[in-house]
Amino acid sequence: MNILLVRVSSLGDVLHNLPIVADIRRHFPDAKIDWVVEEGYVSLVRLNPQVRNIIPFALRRWRKKLGDASVRAEIKQFFRTLRAQEYDYVFDTQGLLKTGVIMGAARVARGGQKVGLANGSEGSGYEGISRLFHSKSIPLDPRTHAVARGRLVVAAALGYGVDTPADFGLPDVSPHDPKPGWMPAEPYAVYFHGTARDAKKWAPANWIALGHALSPMPILLPWGSPKEKAEAETLAASLPNARVLPQLSMADAVLLARHAALAVGVDTGLTHIAAAFSRPVVEIYCDSPRWKTEGNWSPRIVNLGDKGAPPSAPEVIEAAKSLLR
């Protein structure tokens, strides 16, 4: 059976789609699974060895230069690659017009199905027009967890139940993993403090209090924009055990999360990556609903706060120390 998964972005959404692969292979061990994903997240999907082919999608880059002949040639090649394989099932678990178009362009075998979401979840960017490209639409409770949504859609189409914890299919930490120069030799904590929406951030004074409580454990501070870098430098100036990292590639950011002895982060993709690796993680919710993305598949993940009710520094400090014990 040949299956195509269409989940192109963003980082957290792609990550939350990964357990579908293990579910399918558990019930159909010989299934061949391909995936269409934004080119920036190819390295993340590639970590799952059960994905056969990854088809990079570069809309974010293409739309900046649609007039360039080279870009138009890339787009044509994308659709040629997409249509090279005939699929028994195509699943769009994102529910956007752009993912619907990809689904519509994919080829299915005789009797094959194109399956997607019949409705969005609360607060999602779901676009109902995507249903035009489905042969089957699966309705779900609007308050279904982000990881469960894709799993339930695929399970309903393939005829099995979802009755196991989420398995992201990511490799365990190995002593043979590469260790870049910025990674300490000793166990470290990482703060995933940055996020695009200010309301989702945790107060700087709380991060500083946590850092003093964890001292002398090294605290690494990644960043993804000049604003986040400035925020990291402000935190580091108040913490003797903190260091601001260089700008990391996606592969290095995954490595950072994968090797952390402790990760503490707000509701953002890198926090969820650490949780997917089942590292000791404290997930902090300040302005987003906890039910939607909380890590609920491992006792090494502690979820604190909720929309409009951020956790206090003492709560997070106690959770962090408990995980380290």
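Guide: Let's look at aromatic pairs and then at a sheet. This is a predicted model, where local features need pLDDT of at least 70 and side-chain atom pairs count only at pLDDT 80 or more, while totals for chains, interfaces and linings use all residues. Residues are numbered from 1 along each chain as its sequence is written, and side-chain values use heavy atoms, leaving out hydrogens and water.

Visitor: How many aromatic pairs are there?

Guide: Rings of Phe, Tyr and Trp (its six-membered ring) pair if their centres lie within 6.5 Å; planes under 30 degrees apart are stacked, over 60 edge-to-face, the rest tilted. Here the count is 9. Take Phe-57 and Phe-78: their centres are 5.2 Å apart and their planes at 50°, so this pair is tilted.

Visitor: Where do Phe-57 and Phe-78 lie?

Guide: Helices (H or I, at least four residues) and strands (E, at least two) are DSSP runs, numbered from the N terminus. Phe-57 is in strand 3 and Phe-78 in helix 5, so the pair ties together parts 21 residues apart in sequence. Phe-57, Trp-62, Phe-78 and Phe-79 form one aromatic cluster.

Visitor: And what is the strand order in the open sheet of 6 strands?

Guide: Two strands pair if DSSP finds at least two bridges between them. The order is 9-8-7-10-11-12, with parallel pairing. Strands 9 and 12 stand at the edges with a single partner strand each, so one side of each has no neighbour in the sheet. Strand 11 is joined to strand 12 by 5 bridges; Val-282 has Val-302 in strand 12 as its bridge partner.
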